[in-house]
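Here are my notes on the packing in this one. Have the model open while you read.

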Amino acid sequence: MKKNIPVVTVDGPSGVGKSTLTYAISRKLKWNFLESGYMYRITAFFIIKHNLSLNKKIISKLKYLEFNFKIINKKLKIFFYDIDISNKIHSQEISMMASKIARLPYIREWLLYKQRSYKKHPGLITNGRDMGTIVFPEAMLKIFLKTKFKERLKRRFIDLQNRGFKINLNILHKELKKRDYQDKNRIICPLKPAKDAIIINSTNMNIEQTIKISMQYIYQKLKIFNNIL
C-alpha cells in the first residue's frame with residue numbers, strides 16, 4: 001500500500017541545492033526521485049513551444065505532453081518525447097513562465113496527480129516548493145533548505161554558466177528576486193516551510209556537509225518509520 005512507502009521532501013527557493021541533494025539521497029538509498037520543479041519547467045517549455053494561451057482549455061493540450069527523467073553518467077537528463085531538453089529548460093524565459101503557471105490552479109491540479117504517481121517502493125525523495133506542504137503532507141521527513149540570497153545568486157550564476165548560458169549578473173539578480181517574490185506571495189501554495197519541516201541552512205556548508213546532515217535526519221526517521229510498520 002502507498003501509505004507504507006516512505007517519502008522525503010526537500011523544499012526551498014531557487015539556488016539552494018535541492019536538486020543535488022535529492023540525487024545524492026536517491027543514490028544512497030536507491031530510492032525513486034522526483035524533480036517536481038522540472039515538471040513545471042517542462043510544461044512551460046511545451047506552452048512556449050506551441051504558443052498556448054493560459055486558460056483552462058490548455059489542459060486538453062497538456063494531455064499530449066510526454067516527458068521522462070533519466071540519470072546518464074550521474075547527471076539528470078530531461079527528455080521531451082525523445083528529445084533531450086535538459087539545458088533548454090534552464091533559460092530565464094522558462095523559469096519565469098514556470099513561476100507564472102505555478103499560480104494557476106487548473107495546471108497545479110493537473111500536475112498534482114502526476115507528482116503523486118512517483119510514490120513507489122522502496123521510497124521517494126522529491127524536491128520542489130510545496131512538496132511537504134501540499135503534494136506529500138504525509139511525508140516521513142520534510143526538509144526545507146535555505147541559503148542567503150547572495151550565495152544562491154552565485155550558485156545559480158555558476159550553474160547557468162556551466163550549462164552554456166551567457167548571463168548578465170544584474171539581470172539574473174533582478175529575475176531571481178522577482179521569482180522569489182512570486183513564489184512566496186502567490187495565493188495558491190506559496191513557498192514556505194511545512195510546520196513540521198527540518199530547516200537546514202546551507203549558506204556555509206558544502207554539498208557533502210549538507211548531504212551528511214540530511215542523511216542523519218533520514219536515518220533517524222527511517223528507524224521510527226520502520227518500527228511503526
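1. Helix H4 (residues 92-101) has 8 of its 10 residues buried, so the rest of the structure largely encloses it. Buried here means under 20% relative accessible area, with exposed over 50% and partly exposed in between (1.4 Å probe, protein chains only). Helices are DSSP runs of H or I, at least four residues, numbered from the N terminus.

2. Before going on, a word on the source: this is a predicted model, where local features need pLDDT of at least 70, side-chain atom pairs count only at pLDDT 80 or more, and totals for chains, interfaces and linings use all residues. Residues are numbered from 1 along each chain as its sequence is written, and side-chain values use heavy atoms, leaving out hydrogens and water.

3. Back to H4: its buried residues include Gln-92, Ser-95, Met-96 and Ile-101. The buried residues of H4 pack against H2, H5 (105-116), H7 (149-162) and H8 (169-185); contact means heavy atoms within 4.5 Å.

4. Leaving aside residues up to four places away in sequence, Ile-107 touches Ile-47, Ile-58, Ile-59, Leu-62 and Ile-101.

5. Have a look at Leu-29 in helix H1 (residues 18-29) too. Its relative accessibility is 17%, so Leu-29 counts as buried. Beyond residues up to four places away in sequence, Leu-29 touches Met-215, Ile-218, Tyr-219 and Leu-222.

Conventions:
Helices (H or I, at least four residues) and strands (E, at least two) are DSSP runs, numbered from the N terminus.
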